[in-house]
Structures are given as structure tokens and as C-alpha cells.
Amino acid sequence: MGRRKLVVGNWKMNGLRAQLGAAYAIDAIATQHPDAEVGLCIPATLLSEAKAGVKAIFIGAQDCHMNENGAHTGCLSAAMVKEAGASWVIVGHSERRGDQHESSADVAAKALAARAAGLKVILCLGESLETRDSGKASEFVLGQLSDSLPDGASADWLSIAYEPIWAIGTGRIPTMEQIAEIHGDIRGALRQALGAEQADAMRLLYGGSVNAANAREIFALEDVDGGLVGGASLKADSFGPIIEAAA
Ligand code: PGA
């Protein structure tokens with residue numbers, strides 16, 4: 001279907017200026033693999049300097065506020081992170097849904113605000129271990145999708161990341177069958193919501209303990225169009241092979 005693979009690093013709350021060398025080394029690797037689209041979502045403090053120093057990769061933010069401006073101490077608007085150098089933003093990461101109590105309605109509003117500011121968006125979904133063990137993972141994730149999907153969602157600016165919470169930073173990943181099943185279910189729900197053309201063009205990323213050893217197998221699954229990578233994206237040594245696996 002011609003979906004270009006998308007591999008995005010999420011540095012989370014990691015990275016001082018001294019770590020920008022890793023971003024530049026990752027950029028150099030990405031230059032050699034133009035088949036894949038590669039980006040790094042880094043701390044907002046590093047956006048402008050990183051943006052000025054890279055050629056092949058995009059620079060993204062990890063969150064934005066749903067409002068354009070106002071009395072929201074400590075928050076950043078979509079226009080602010082865009083002006084600082086981000087062309088993409090992650091919304092709805094489970095760490096924000098959990099730590100910052102963001103609801104799916106908040107996530108949809110953030111996605112819309114990002115879109116209005118001209119950002120591309122990665123919208124994250126994922127179930128807890130308790131939900132997985134109760135056999136309700138798919139039901140839960142599709143509920144999150146329907147509650148978080150912004151109006152006017154389309155494949156040219158929105159991608160979806162499935163990240164089971166229990167796989168994030170744990171070294172534990174679902175089986176290939178489990179990943180394939182949920183991604184197939186998400187694609188099916190998108191067909192219902194957006195029509196086949198948009199659904200088939202939209203990129204679905206897997207995230208949660210992606211590494212050099214498992215990336216190739218995960219990215220080969222039919223409805224997996226790349227990955228959202230945390231820990232392994234902090235260094236070129238570990239992220240480079242994941243880019244190669246996608247390319
Ligand atoms: P991880 O994080 O690759 O370190 O598991 C993924 C994520 O939270 O996006």
C-alpha cells in the first residue's frame with residue numbers, strides 16, 4: 001500500500017545539550033536510509049538547537065497544550081513548539097495520560113491544536129497489564145481510539161502509535177500475533193471511522209521495548225508501519241539498527 005516506514009525516537013525527560021551529539025549521529029545514519037522517515041521527539045529545551053543541526057530527520061515535541069495561549073503555567077502551545085523547531089508532536093503518551101491525568105478528550109483536543117498550528121501528530125494508545133490479562137486489550141484500545149481520534153483526522157498529518165503500557169521500558173513485548181491482532185483491529189476501526197482510503201494510508205506504529213533485536217520482526221508485520229522508540233533512541237548505536245530495520 002506504499003506506506004513509508006516511520007521510526008520516531010521519544011527521548012522523554014532525557015537530554016541536555018551535551019546529548020545533542022547523539023541526535024546528529026542518528027541524523028547521519030538516517031541520511032543513508034531515505035526509504036524510512038525518521039524523527040526524534042526531544043525535550044522542548046533542545047528543539048531549536050537540534051533543528052538547526054539536523055538534515056535528514058525531523059525534530060518533534062513530546063506534548064503540547066490544547067489551547068493557543070493563556071494562564072497555563074509551565075505548559076507549551078503547539079505554536080510555541082513549532083516555532084522552536086518541532087514539525088511533529090506526540091499526544092496521549094501513556095506517561096502523560098497517567099502522570100498528568102490526560103483524558104482521551106484532552107488528547108483529541110491536543111491533536112486538533114497541533115494540527116491547527118501545522119504540526120504532524122503521533123497519537124498514542126495502549127492498555128495496562130491488568131486490561132491485557134483480562135482479555136480486553138483490543139476493546140480498550142479501540143475505545144481509546146474512538147475517544148481520542150480528532151475531527152478531520154487524516155493520514156497526511158496523523159499517525160497512531162500502539163504502545164501497551166506494560167511493554168514500555170520493561171524489555172517485555174507482546175507476541176507478534178498480539179501486535180498483529182491489535183494493529184489489524186485499529187486499521188479496521190479506522191476504516192469504519194475514516195473510510196478505507198484514509199485508513200489504508202495512515203501509519204500505525206508499534207511502541208514498547210523496541211530494540212535492535214526485535215525491530216525487524218515487528219516492522220515486517222502487515223499493519224505495522226514503524227515504531228515509537230524510547231530507551232533505544234537515546235544513542236545512535238542502539239537506534240541506528242532500528243532505522244536500518246525499517247529501511
Ligand atoms: P521504550 O519506550 O522503547 O523505552 O519502551 C517507548 C515509549 O514510551 O514511547
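Me: What makes up the lining of the second largest pocket, by class?
Reply: This is a predicted model. The lining of the second largest pocket divides into 6 nonpolar, 9 polar and 2 charged residues. Gly is counted as polar here. Gly169, Gly230 and Gly231 are among the residues nearest the centre of that pocket, along with Lys12 and Val229.

Me: How many residues line the second largest pocket, and what is its volume?
Reply: The lining has 17 residues. The space in the pocket is about 190 Å³.

Me: How do you know where empty space is left?
Reply: A probe the size of a water molecule is rolled over the atoms, and this shows the empty space.

Me: What is the volume of the largest pocket, and which residues are closest to its centre?
Reply: The volume is about 620 Å³. Lys12, Met13, Gln62, Asp63 and Arg96 are the closest to the centre, out of 21 lining residues. By class, the lining has 10 nonpolar, 6 polar and 5 charged residues. Asp, Lys and Arg count as charged. Helix α4, residues 94-99, gives the largest share of this lining, with 3 residues.

Me: Why is Ala86 called buried?
Reply: Its relative accessible area is 3%. Buried means under 20%. Therefore Ala86 is buried.

Me: Where is Ala86, and what does it touch?
Reply: Ala86 sits in the loop between α3 (78-84) and β4 (88-91). Leaving out residues up to four places away in sequence, Ala86 touches Leu47, Ile59, Gly60, Ala61, Val81 and Leu119. Cys41 is 45 residues from Ala86 along the chain, yet their C-alpha atoms are separated by 8.2 Å.

Me: What makes strand β2 mostly covered?
Reply: Of the 5 residues in β2 (37-41), 5 are buried. On one side these are Glu37, Gly39 and Cys41; on the other, Val38 and Leu40.

Me: How do you know that β1 and β2 pair?
Reply: A pair needs at least two bridges. Here 5 bridges join β1 (residues 6-10) to β2, and the strands run parallel. So β1 and β2 count as paired. Val8 stands opposite Gly39.

Me: Which residues touch the most other members of the largest nonpolar core?
Reply: They are Leu158, Ile160, Ile186, Leu190, Phe219, Phe239 and Ile242, in a core of 67 residues. A second, separate core has 11 residues, including Val8, Cys41, Phe58 and Ala161.

Me: What does Ile186 touch?
Reply: Beyond four places away in sequence, Ile186 touches Leu125, Val141, Leu142, Leu145, Ile160, Tyr162 and Leu204.

Key. Residues numbered from 1 in each chain as written. Predicted model: local features only at pLDDT ≥ 70, side-chain atom pairs only at ≥ 80, totals over all residues. Heavy atoms only, no water. Core = buried A, V, L, I, M, F, W, Y, C linked by side-chain atoms within 4.5 Å. Buried < 20%, exposed > 50% of the residue type's maximum accessible area, 1.4 Å probe, protein only. Contact = heavy atoms within 4.5 Å. 1 Å grid on protein atoms, 1.4 Å probe; cavity = no way out; pocket = protein on both sides within 12 Å on 5 of 7 lines; lining within 4 Å. Points joined across faces, edges and corners; volume = space filled by probe spheres on them. Helix = DSSP H or I, 4+ residues; strand = E, 2+ residues; numbered from the N terminus.
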